[in-house]
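Me: I'd like to know how the labels on this model get assigned. Can we go through them one at a time?

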Amino acid sequence: MTGFDTCIAGLGYTGRVLADALVADGRSVITMARGDAHGDVPHWRADVDDASSLIAPPTIDSLAYLIPPGVQDNQEVRFARLIDALPQFPKRIVLASTTGVYGNHSGGLVDETTPTAPESQRAKGRVMLEASARALCDANGAELCILRIAGIYGPGRLPIEAIKRLDPIIDPVEANPGNRIHVEDLAAIFAAAFAHQSPPPIVNVCDGDYTTSPAFTLMVADALELPAPPVISLAEAAQHYSPMRMSFIHESRTIVNDVLLNELGVTLRYPTAAAGMQASLP
């Protein structure tokens with residue numbers, strides 16, 4: 001393989017949108033995943049859970065790391081395995097993390113200076129991944145930009161099927177603040193982190209519109225002229241929702257995105273949930 005400006009490790013929902021965005025920006029891009037390629041973008045078929053698959057790696061200047069947690073949740077091990085396979089250490093790594101690393105703040109404001117206090121195992125794994133990536137980048141003189149990303153939505157990622165099933169939603173009066181980002185804006189944020197002369201080390205990624213999850217669901221139902229789902233109390237939700245979903249509900253925080261807007265210099269295409277929802281309708 002020849003050299004590339006950027007390798008996108010992880011070719012899921014966001015990775016595919018990011019690949020298109022970076023190619024449109026004129027960057028030479030290669031994707032890396034265990035599955036198939038995305039369109040005509042060069043692809044390195046490899047699996048971070050299988051060291052023997054990490055053969056013939058490309059030479060890259062920068063790395064976008066979007067690989068989700070594995071079954072065993074050894075996120076830092078999988079990251080290091082990929083880095084070890086590369087011919088040279090990337091000059092810049094933009095790492096996808098989660099706002100879940102902050103834990104529960106009972107709806108309070110959270111910015112990049114807020115200490116991490118993860119509660120779920122997945123969020124704890126992300127904190128370990130962040131620390132490992134930071135140590136490796138420091139040791140190799142590379143730049144690291146950690147994107148702590150809120151809930152991702154966009155085309156194909158609206159709660160349409162749940163609305164059609166009439167799945168109950170929590171009374172918006174009892175609901176926690178919502179933190180989300182449209183996938184096209186997220187791709188633009190990754191691109192900005194690569195293009196910036198010296199990006200911030202940590203960036204909270206959300207649109208700054210804290211529309212609650214049930215209010216967002218009702219907005220989608222109204223736009224599609226579908227019957228509104230039934231409303232239940234927060235106490236009743238435990239009888240209907242999975243333990244994992246309840247764990248997300250019990251973690252409440254309001255993510256501040258000033259660094260994203262003012263230091264990384266991103267202008268969001270969809271700064272409101274309503275605008276992003278309208279652009280995502282089928």
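Me: Let's begin with Glu-143. Why is Glu-143 called partly exposed?
Reply: Glu-143 has 30% relative accessibility. Buried means under 20% relative accessible area, exposed means over 50%, and partly exposed is in between, using a 1.4 Å probe and protein chains only. So 30% makes Glu-143 partly exposed. Bear in mind that this is a predicted model, where local features need pLDDT of at least 70 and side-chain atom pairs count only at pLDDT 80 or more, while totals for chains, interfaces and linings use all residues. Residues are numbered from 1 along each chain as its sequence is written, and side-chain values use heavy atoms, with hydrogens and water left out.

Me: And what makes Arg-92 count as buried?
Reply: Arg-92 comes in at 9% relative accessibility, so it counts as buried.

Me: Why is the contact between Arg-92 and Glu-143 called a salt bridge?
Reply: The term needs a side-chain nitrogen of Lys or Arg within 4 Å of a carboxyl oxygen of Asp or Glu. Here the N to O distance is 2.7 Å, and the side chains of Arg-92 and Glu-143 meet in a salt bridge. Arg-92 sits in strand E5 and Glu-143 in strand E7, so the pair ties together parts 51 residues apart in sequence. Strands are DSSP runs of E with at least two residues, helices are runs of H or I with at least four, and both are numbered from the N terminus.

Me: What does the Arg-148 salt bridge with Glu-130 tie together?
Reply: The closest N and O atoms of Arg-148 and Glu-130 are 2.6 Å apart. Arg-148 belongs to strand E7 and Glu-130 to helix H3, so this pair links parts 18 residues apart in sequence. Both Arg-148 and Glu-130 are buried.

Me: Is Asp-36 buried or exposed?
Reply: Asp-36 has 52% relative accessibility, so it counts as exposed. Asp-36 also forms a salt bridge with Arg-45, with the closest N and O atoms 3.0 Å apart. The structure holds eight salt bridges.

Me: Which residues touch the most other members of the largest nonpolar core?
Reply: Those are Met-32, Leu-63, Tyr-65, Phe-79 and Leu-82, out of 34 residues. Such a core is a set of buried Ala, Val, Leu, Ile, Met, Phe, Trp, Tyr and Cys residues joined through side-chain atoms within 4.5 Å. H2 gives the largest share of this core, four residues.
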